[in-house]
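Hi everyone, thanks for coming. Let me put the structure up on the screen, and then we can walk through it together.

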Amino acid sequence: MTQTITTIYDDQRPTLLLALHPDATTAVLSGHKILEFRKRFFTQPFQAFVYTTGRGIQFFMRCGAAYQGPSSTIAKLGTLVQHSDFAATMAYLTPNATGVAVPIQATYRLTNTVTLADLRAVTPQVAIPQTYTFLDQPQRAKLLAYLTRQTYDLSRQVDWHRRQPMVRTLFP
């Protein structure tokens, strides 16, 4: 059964547009990736439309407040809760002494991919950000309205409650 994003959209939570590489999108949608590592990022709870590089917007997700800390602590968190490779995470975060791990709480796969051409038909000047862009701004209202009318056909909720004991070992 398909539903529109408007049925799960929270107008009290910031809404972002962000990009992921195709392999990260696959891992998120399969449930294998439940943390998004960034050198720095928005740290408050948010929801986002996710643009898969070279493809388009393939899903909507809801995320909790980011965990911030030394790179080694962020890499340990990834190892504990999603079995990330510690060395690979450290290699990514190493240029910075600190990092961010964004907990993905839920994903909603769009029924149809929204391509860059689709986005530009609504807002010709739209650009896909390297970090993120807030969609809940007056100048992006038309684009946000278009995106929230999209339908989704598959959702996945991440059980963070059972992972909290592992998280608390690093973030008491």
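Predicted model: local features only at pLDDT ≥ 70, side-chain atom pairs only at ≥ 80, totals over all residues.

Residues are numbered from 1 along each chain as its sequence is written, and side-chain values use heavy atoms, leaving out hydrogens and water.

Let's begin with the largest pocket, which has a volume of about 460 Å³. Two terms here: on a 1 Å grid over the protein atoms alone, a pocket is an open set of points with protein on both sides within 12 Å along at least five of seven lines, a cavity is a set of points where a 1.4 Å probe fits but cannot get out, and lining residues have an atom within 4 Å of a point. Grid points are joined across faces, edges and corners, and a volume is the space filled by probe spheres set on the points.

Which residues lie nearest the centre of the largest pocket? They are L20, H21, A24, E36 and R38, out of 18 lining residues. At least two lining residues come from each of β2 (15-20), α1 (22-30), β3 (35-38) and α3 (86-93). These elements are DSSP runs numbered from the N terminus: helices are H or I with at least four residues, strands are E with at least two. The lining has 7 nonpolar, 6 polar and 5 charged residues. Here Ala, Val, Leu, Ile, Met, Phe, Trp, Tyr, Cys and Pro count as nonpolar, Asp, Glu, Lys and Arg as charged, and the others, Gly among them, as polar.

The residues lining the largest cavity are V28, G31, K33, I34, I104, T107, R156 and V158.

Next, helix α5 (residues 141-148), whose buried residues (under 20% relative accessible area, against over 50% for exposed and partly exposed in between, with a 1.4 Å probe and protein chains only) are L143, L144, Y146, L147 and T148. Their cover includes β1 (3-4), β2, β4 (46-52), β5 (56-63), β7 (98-114) and α4 (116-122).

Now the rings. Rings of Phe, Tyr and Trp (its six-membered ring) pair if their centres lie within 6.5 Å; planes under 30 degrees apart are stacked, over 60 edge-to-face and the rest tilted. The model has 10 aromatic pairs. F41 and F46 have ring centres 5.8 Å apart and planes at 55 degrees, so this pair is tilted. F41 is buried at 11% relative accessibility, and F46 is buried at 1%. Y108 and Y152 form an edge-to-face pair, 5.1 Å centre to centre with 75 degrees between the planes. Y108 is in β7 and Y152 in β9 (residues 151-157), so the pair ties together parts 44 residues apart in sequence. Ring pairs also link F41, F42, F46, Y132 and F134 into a cluster.

Last, two single residues. G78 sits in helix α2 and is buried, with a relative accessible area of 0%. Leaving aside residues up to four places away in sequence, G78 touches L35, F37, H83 and S84, where contact means heavy atoms within 4.5 Å. H83 belongs to the loop between α2 (71-82) and α3. Is H83 buried or exposed? H83 is exposed, at 70% relative accessible area, and its phi is near 60 degrees, a positive value in a residue other than glycine.
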